[in-house]
Amino acid sequence: ADAARVRDGVGYRTVRDDATDTVVGIPSRLIATTERVRRGMRLRSAGGDIDIVTMFIPRAERSLVEHYDMTLRNRPPAHYKVYRGNWFVIAGEERTGRSYYVRMHDTGSALRGFAISYDPALTPILGPVVSAMSSDFRPQAGGLSVAESQADFSSLRSRQAALPPSQNLQPLPPVAARQAP
C-alpha cells in the first residue's frame, strides 16, 4: 500500500521508448527534461538528482557478458548483482555517492535496458519506484514485462509439478563411460 502511494505520488507510469523499442517505467512528476542520446533517451529531474537512461546496443557491438563486465568495472562497488542467461541487474553506489540500478536484456539482435542513478537521500521515494521500473520493464515493446515473464514461468513450473510423474520430464541419468577394448 505504501509503495503504491509513493508511485502515485511521483506520477509513476510506463512509457514506450521508440529510441530503444522498449517500455520503461518513469516517475513522470519528477522528470523535467527528456533528450535523445546516441542510442536511447535521457530523462532528468530539474535539479539533476535523478538521471534515467534507456539503452540500445547492437549485439554485434557487445555481448551481454561484455556489457555486464564493463558495467561492473565502470560503476563499482555493486552491492547487488545478478546475471541470468539473457539479462542482468547491477545495483550499488557510484564513486560520487549516488545510488544506481542497471537492468539489461539480450533480445537476440540487441541489448536493451535502462539505468537510473539518483541522490541516495531520495531512496525512501525512489526505492519502490526502481522496483516497479524493474518489474514493469519490457525489453521489447510488444513483449512481456519482466514481471509477466516471471509469472508465466512460475505458472509453467507449477503446471509441470502438477503433472503425473510419467508426464513430468526428468533429466536422464548420466551414461557410464565406455572403456576401450
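Residues are called buried under 20% relative accessible area, exposed over 50% and partly exposed in between, using a 1.4 Å probe and protein chains only. The structure is a predicted model, in which local features need pLDDT of at least 70, side-chain atom pairs count only at pLDDT 80 or more, and totals for chains, interfaces and linings use all residues. Residues are numbered from 1 along each chain as its sequence is written, and side-chain values use heavy atoms, with hydrogens and water left out.

Helices (H or I, at least four residues) and strands (E, at least two) are DSSP runs, numbered from the N terminus. In helix α2 (residues 64-74), the buried residues are L64, H67, Y68 and T71. Viewed down the axis of α2, these buried residues fall within an arc of 105°, so they line one face of the helix. The arc is taken from the directions from the helix axis to the C-beta atoms. The buried residues of α2 pack against β5 (50-58), β6, β7, β8 and β9 (110-118); contact here means heavy atoms within 4.5 Å.

Strand β7 (residues 87-93) is mostly covered, with 6 of its 7 residues buried. Strands count as paired if DSSP finds at least two bridges between them. Strand β6 (residues 78-84) runs antiparallel to β7, and 6 bridges join the two. Here A78 stands opposite G92 of β7. The β6-β7 hairpin has 2 residues between its strands, and G85 takes a positive phi near 50°.

β7 also pairs with strand β8 (residues 99-106), in the antiparallel sense, over 7 bridges. V102 in β8 is the bridge partner of I90. The hairpin of β7 and β8 has 5 residues between the strands, and G97 in the turn has a positive phi of about 100°.
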